[in-house]
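Have a look at the model first, then read on.

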Amino acid sequence: MELTDDLRALLRRTAPTAAINEAETEEALKSPEGAEALMGMVLSRFRESARRFLNSMYRMTSLRDSGDIEGACQQMCDVLAVEVVPRFRQAAEEQLKGLK
């Protein structure tokens with residue numbers, strides 16, 4: 001992989017959306033191997049976060065529909081206890097607010 005200025009700029013913009021801090025990003029961008037690992041970390045965090053959130057949404061919806069609001073809320077609380085990706089944290093917070 002060629003570590004171009006455009007790729008560095010893309011990773012600098014993308015890393016924070018996966019909750020990867022600036023120091024970690026800059027360290028990774030010192031080499032093509034580091035940039036590749038950073039890209040993998042971004043993709044992995046998004047993939048895992050999406051899977052976790054969607055699974056919790058299915059359980060939350062099922063619990064809510066059966067009248068178990070407390071259990072439905074717990075699904076989103078469980079996501080918030082481990083989620084680091086801002087987009088998915090925000091989505092879980094919004095779902096939780098909608099249940100209360």
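On one side of helix 5, Arg87, Lys97 and Gly98 are exposed (over 50% relative accessible area; buried is under 20%, partly exposed in between, with a 1.4 Å probe and protein chains only). Helices here are DSSP runs of H or I with at least four residues, numbered from the N terminus. This is a predicted model, with local features needing pLDDT of at least 70 and side-chain atom pairs pLDDT 80 or more, while totals for chains, interfaces and linings use all residues. Residues are numbered from 1 along each chain as its sequence is written, and side-chain values use heavy atoms, leaving out hydrogens and water.

**The buried face**
- Phe88, Ala91, Ala92, Leu96 and Leu99 are the buried residues of helix 5.
- Looking down the axis of helix 5, they fall within an arc of 135° (taken from the directions from the axis to the C-beta atoms), so they line one face.
- They pack against helix 3 (32-65) and helix 4 (69-82).

- Beyond four places in sequence, Met76 has contacts (heavy atoms within 4.5 Å) including Phe53, Ala92 and Leu96.

**Cysteines**
- There are zero disulfides (cysteine sulfur pairs within 2.5 Å) in the whole structure.
- The sulfur of Cys73 is 6.5 Å from that of Cys77, too far for a bond.

Technical notes: Helices (H or I, at least four residues) and strands (E, at least two) are DSSP runs, numbered from the N terminus.
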